[in-house]
Amino acid sequence: MTSLDLDFVRSQFPAFAEPSLQGQAFFENAGGSYTCAQVIGRLTRFYHSRKVQPYAPYEASRLGGAEMDEARARLAAMMGVDTDEVSFGPSTSQNTYVLAQAFRQWLPEGSAIVVTNQDHEANTGVWRRLSETGTEVREWRIDPVTGHLDPAALAPLLADGKVRLVAFPHCSNVVGEINPVAEICAMARAAGAFTCVDGVSYAPHGFPDVPALGSDIYLFSAYKTYGPHQGIMVIRREIGFTLPNQAHVFNGDVLYKRFTPAGPDHAQVAACAGMADYVDALYAHHFPGQTASPLARNTAVHDLMRAHERQLTQPLLDWLAARNDLRLIGPRKAEGRAPTIALALDRPALPVATALADHGIMAGGGNFYAVRPLAGLGVPDADGVLRLSFVHYTAPAEIDQLIAALERVL
Ligand SMILES: Cc1ncc(COP(=O)(O)O)c(C=O)c1O
């Protein structure tokens, strides 16, 4: 099987050639990734030559609008959905906020929703607030030891048929376990509920095939997937036209405008096409001369990324699991998790992250807005966790550098 050409991958990211970053290994990717050259190139071009109001008849405007359309069309094709099922908003937190307003208006009287305590606050707090207007909020809880979210525990929450929405993460930003999204979405659908999946912590490890997952809404943040600071929403047609329009009244018949009341950031939306360029560049490099649909190219690249990540993750997990001065949160097998590895220490995490910086390790300590998961796991908020997160562009030598630094600092 083809394996990831790391030199090629890293050549696509200007950060790896940036003098001020030399010698530093980046382990806070779950906070925000490096940006690929394709995105930076498009952003620069937009600001240089297309930064006018788009969709007007003059050339600069026409090009700007066309590039924004291209971004939606190419990302949608990559993820297996229709072009108008992709929309851009300022951030995932802002996007869930808008979606929650739509649900607030739509939820029939006597309905319930399911939320988890595995989610980042962005995909749980806004939903829980629906209780203020009479919706029953049911919490699907993690195992307090492992952080695992068990689908068997969801079934009784759905049993009475009152649930209209299940909001859950593809992967938590501290537990790291990859949830069986297709199985959960099928359960929800069979019970008459829509699903809202937070893919923010998963998408950096490979863009999703949304129809295969079966979610009604899939959210992620482009600034963590090698792109600009945008939130991306896949909203399937059925739910998109079931929920009430949140945008200007005259935009209500256009699916990709219905849940983005803010005016779009034209340059950043356009630059998102660079993420598709990047996936295509990886495909062309690793599968020369082959042709495939955008979704098939994306899936092939996803699998390449994941294989590389898994190879790097297992030795790190083994090293961490062998220590008795820390609690490794989430699965110990690389197969079932993203390389977003949270550690509860015997002391506050932030000073440890600070000490790691002296060894050229960029990592973070705190709660990462995963306040509910950490509470569910019994981790004191004042201590937080040390989070080590990486992606497919990470090199084996950086893992070695991390382990050596941890050995000295812990
Ligand atoms: C899992 C997860 N969901 C949602 C968010 C919120 O994303 P945004 O910053 O785009 O609002 C984050 C951000 O860290 C996250 O890690």
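Which exposed residues does the face of α13 turned away from its buried side carry? That face has L350 and P351, where exposed means over 50% relative accessible area, buried under 20% and partly exposed in between (1.4 Å probe, protein chains only). The model is a predicted one, so local features need pLDDT of at least 70 and side-chain atom pairs pLDDT 80 or more, while totals for chains, interfaces and linings use all residues. Numbering runs from 1 along each chain as its sequence is written, and side-chain values use heavy atoms, with hydrogens and water left out.

On helix α13 (residues 349-357), A349, V352, A353 and L356 are the buried ones; helices here are DSSP runs (H or I, at least four residues), as are strands (E, at least two), numbered from the N terminus. These four sit on the same side of α13, because they cover an arc of only 100 degrees around the axis, taken from the directions from the helix axis to the C-beta atoms.

Turning to the aromatics, rings of Phe, Tyr and Trp (its six-membered ring) pair if their centres lie within 6.5 Å, with planes under 30 degrees apart called stacked, over 60 edge-to-face and the rest tilted. That rule gives 18 aromatic pairs. Y34 and Y393 are stacked, since their ring centres are 5.6 Å apart and their planes at 25 degrees. Y34 comes from the loop between β1 (25-26) and α2 (37-50) and Y393 from the loop between β13 and α15, so the pair ties together parts 359 residues apart in sequence. Y34 is buried at 11% relative accessibility, and Y393 is buried at 1%.
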